[in-house]
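Subject: Structure for your review

Dear colleague,

I am passing on the structure below, followed by notes on what was found in it. Please read the notes with the coordinates open beside them.

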Amino acid sequence: MINNISSFGKFLDQPMLIAKLNKSMPKVLFSLGGLYLAKNSYDLFEKTKNASDKEKNKAKKEILNKSIVLISAISSALLAPKIACAITKRAPLETMEQVVKNNTKLIDNFLNTTTQNVKNEYILNKAKTKILSFNEVKSLFSSLKSPKEKAFLKKLIPDPENIKAKDIFQEIGYLSIYGAIPVLGGILGGIGVDVYNKENLKEKVPDKINEGLYQYLANIFMCNIGAGSALAILEKLNITSKTARALGMTAGIILTGVLGGSKIANFITKNLINPIINPKLKKDNIKERKPELLDLGLHTDDIATVSLLSGLKWIEPSLPMLYTISGYRAGMGYRN
């Protein structure tokens, strides 16, 4: 009998659920962004309610700046998969309409050539247009046992791919472009705010570019290199355990991305970005960006992309949410 962990993995891997999540992501992102700004606004206004008019105006300006940068980062993150797919010729995620069409054709053909009980028929007819519950998925995988039925289930909810190192490296181009767009969007939004506010660009712009470099190298690009390299080593050692491979890739992500990417980004900051934009600023006065707990959390996308564990396909439509954080931090010029 299929266990609860496998059932949950299959529940998450439903093409219908993935398509639904992908379609809902703009509403989810803008709603979360609105809640974040509302909380920030409330905190700032509470803090300055008895302050001078100058401080109150400064708080209003800060909220406006954050709003523009966040909208820029969210919009870029939502456009990123389309642009990355167009550049790399990669197939985009299926739409709800495509999944409904595929499911309807597959299920109708299966029901016309097999005999099923009333419960299974009900669940399968529901699967044509709706997301199945955890219990419904478990029921199907527990009751459909013949070779033909198992083959059908694999088409209805495909198994996780047995990803290999070469597959990861093929994805690096796509993920690198995907991750770069929200970061770039956040930086441009932040610089636009500085221009509008007539800020000293020599002081403001370097922090945005440097934070963007950090986010991209430490939290996005170098992680893919680390995961692929770790998986290649594990394959050479003939290690096939899913747990060992997942842990190995996670270690590769942390070592290459968080630590290696951090070092590279800080080196470029000190020796290239600041000397060009603000030559008067001494290297010793340039703040180094250090890894934080949130930075580690941002690697969920990299771990999920390469993991061999079941039930992680749903992470792809969630990538804009993770990349928005990087884009927003870059646009605000966050430097610890």
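**Salt bridges**

Glu62 counts as partly exposed at 31% relative accessibility, where buried means under 20% relative accessible area, exposed means over 50% and partly exposed lies in between, computed with a 1.4 Å probe and protein chains only. Before going further, please note that this is a predicted model, in which local features need pLDDT of at least 70 and side-chain atom pairs count only at pLDDT 80 or more, while totals for chains, interfaces and linings use all residues. Residues are numbered from 1 along each chain as its sequence is written, and side-chain values use heavy atoms, with hydrogens and water left out.

The partner of Glu62 is Lys66, with which a salt bridge is formed, the closest N and O atoms being 3.4 Å apart; a salt bridge here is a side-chain nitrogen of Lys or Arg within 4 Å of a carboxyl oxygen of Asp or Glu. Because Lys66 and Glu62 are four residues apart in helix α3, about one helical turn separates them. In general, an α-helix has 3.6 residues a turn, so residues three or four places apart point the same way.

Eight salt bridges are found when the whole structure is searched. One of them joins the side chains of Lys61 and Glu199, at 3.4 Å from N to O. This pair links distant parts of the chain, 138 residues apart, with Lys61 in helix α3 (residues 53–88) and Glu199 in the loop between α8 (165–196) and α9 (201–236). Both ends are partly exposed, Lys61 with a relative accessible area of 34% and Glu199 with one of 25%.

A further salt bridge is formed by Arg90 and Glu316, whose closest N and O atoms are 3.0 Å apart. Since Arg90 lies in the loop between α3 and α4, and Glu316 in the loop between α12 (300–306) and α13 (319–332), the pair ties together parts that are 226 residues apart in sequence. Arg90 is partly exposed at a relative accessible area of 23%, whereas Glu316 is buried at 19%.

**The chain as a whole**

The chain has 13 helices and zero strands, these being DSSP runs numbered from the N terminus, with helices taken as H or I of at least four residues and strands as E of at least two. Of its 336 residues, 45% are buried. Among contacts between residues at least 6 apart in sequence, 80% join residues at least 24 apart, a contact meaning heavy atoms within 4.5 Å. The chain exposes about 17900 Å², of which carbon and sulfur atoms supply 62%; accessible areas come from the Shrake-Rupley method with a 1.4 Å probe, and for residues only the protein chains shown count as cover.

**Buried positions**

In helix α1 (residues 4–12), the buried residues are Ser7, Gly9, Lys10, Phe11 and Leu12, and their cover includes α2 and α6 (134–143).

Helix α6 also contains Ser139, which counts as buried at 15% relative accessibility. Leaving aside neighbours within four places in sequence, Ser139 is in contact with Lys119, Asn120 and Ile123. The C-alpha atoms of Ser139 and Ile123 are separated by 8.9 Å, the two residues being 16 apart along the chain.

Asn103, in helix α4 (residues 96–113), is buried as well, with a relative accessible area of 7%. Outside the four places on either side in sequence, Asn103 is in contact with Met16, Ala127, Lys128 and Leu156.

**Surface patches**

Patches are made of residues with over 30% relative accessible area and no salt bridge, like charges being joined within 9 Å and nonpolar side chains (Val, Leu, Ile, Met, Phe, Trp, Tyr) within 5 Å. Lys47, Lys54, Lys58 and Lys204 form a positive patch, where Lys and Arg count as positive, Asp and Glu as negative, and His and the chain ends are not counted. The place of a charge is taken as NZ of Lys, CZ of Arg, CG of Asp or CD of Glu. Lys47 lies in helix α2 (residues 15–48) and is exposed, with a relative accessible area of 71%.

A nonpolar patch of about 270 Å² is made by Leu32, Leu35 and Met321. Leu32 also lies in helix α2 and is partly exposed, with a relative accessible area of 42%.
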